Amino acid sequence: DESKKQPPAQSGMIHLRKLADGETTEFKKVKGLVFSEDSKFIALEITDESADKNALMVRNLKDGIDTVFGNVTRFSWSDQGSHLAMVVDSPGISNSLQLFDPQSGTLRTLESSDQEYTALAWRKDALDLLAMREIPHAEKEDVSHVLLAWRNLGKSRDHKKTYDHRNKKDFPKDLFITSGGLAWSHDGQSVYCDLKKLSLIHISE
């Protein structure tokens, strides 16, 4: 979660101490850390200087059990409870958007794609998740995105919606959806995102 991520000491080392008994655990090569909203779990990004992708360690703060995921490019804790959304880049296979429930230990793939997932945003006090997936593009083209929304994740019945502006006649032809500004409205009935004008590329004869 980029907005809540706490940087470790400059050395990349942190010490996690239990207040009950003073037991301390040392973690090395930590790039960032985020506590779940209910403070029952902590997510630690473990990396080294040459790594493009991070390993993500999720620790249960009560029993000290760790669950580790590889090739995680981004992640975000839910604002309600302790559900963890994360993007996993599996080399040679695909990118996948996954949901981990550390309370039950269940892992669910919400979607997989050859394209990159570039943003995650939970709605406040809800289990509603937003994500962005890149639209296929040429190397020098502006990168636009498909908007993805899930409601009631972690419940018995959740619901997914997709907004692809390529199929919308009322979407301006000269605009594209950037990866910035993704957010829910307070009532959860609307979604905010940033738009930009397409760049014009002049090809000399």
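**Exercise 1. Work out whether Arg 123 is buried or exposed, and find its salt-bridge partner.**

Step 1: Arg 123 has a relative accessibility of 17%, so it counts as buried (buried is under 20% relative accessible area, exposed over 50%, partly exposed in between, with a 1.4 Å probe and protein chains only).

Step 2: Now for the partner. Arg 123 pairs with Asp 128 in a salt bridge, with 2.9 Å between the closest N and O atoms (a side-chain nitrogen of Lys or Arg within 4 Å of a carboxyl oxygen of Asp or Glu).

Step 3: Asp 128 is buried too, at 2%.

A word on the source: this is a predicted model, where local features need pLDDT of at least 70 and side-chain atom pairs count only at pLDDT 80 or more, while totals for chains, interfaces and linings use all residues. Residues are numbered from 1 along each chain as its sequence is written, and side-chain values use heavy atoms, leaving out hydrogens and water.

**Exercise 2. Describe the accessibility of the partners in the salt bridges Arg 59 to Asp 66 and Glu 26 to Lys 28.**

Step 1: In the Arg 59 to Asp 66 bridge, the closest N and O atoms sit 2.7 Å apart. Arg 59 is buried at 13%, whereas Asp 66 is partly exposed at 31%.

Step 2: Glu 26 and Lys 28 meet at 4.0 Å, N to O. Here Glu 26 is partly exposed at 41% and Lys 28 is exposed at 53%.

Step 3: For the overall tally, the structure has eight salt bridges.

**Exercise 3. Find how β3 and β4 are connected.**

Step 1: Strand β3 covers residues 30-35 and β4 covers residues 41-46 (strands are DSSP runs of E, at least two residues, numbered from the N terminus).

Step 2: The two run antiparallel, joined by five bridges (strands pair if DSSP finds at least two bridges between them). Val 34, for instance, has Ala 43 in β4 as its bridge partner.

**Exercise 4. Characterise the lining of the second largest pocket.**

Step 1: A pocket is an open set of points on a 1 Å grid over the protein atoms alone, with protein on both sides within 12 Å along at least five of seven lines; lining residues have an atom within 4 Å of a point.

Step 2: Of the 18 lining residues, Ser 144, His 165, Leu 175, Phe 176 and Leu 198 are the closest to the pocket's centre.

Step 3: By class, the lining has eight nonpolar, four polar and six charged residues (Ala, Val, Leu, Ile, Met, Phe, Trp, Tyr, Cys and Pro are nonpolar, Asp, Glu, Lys and Arg charged, the others, Gly among them, polar).

Key
On a 1 Å grid over the protein atoms alone, a cavity is a set of points where a 1.4 Å probe fits but cannot get out, and a pocket is an open set with protein on both sides within 12 Å along at least five of seven lines; lining residues have an atom within 4 Å of a point. Helices (H or I, at least four residues) and strands (E, at least two) are DSSP runs, numbered from the N terminus.
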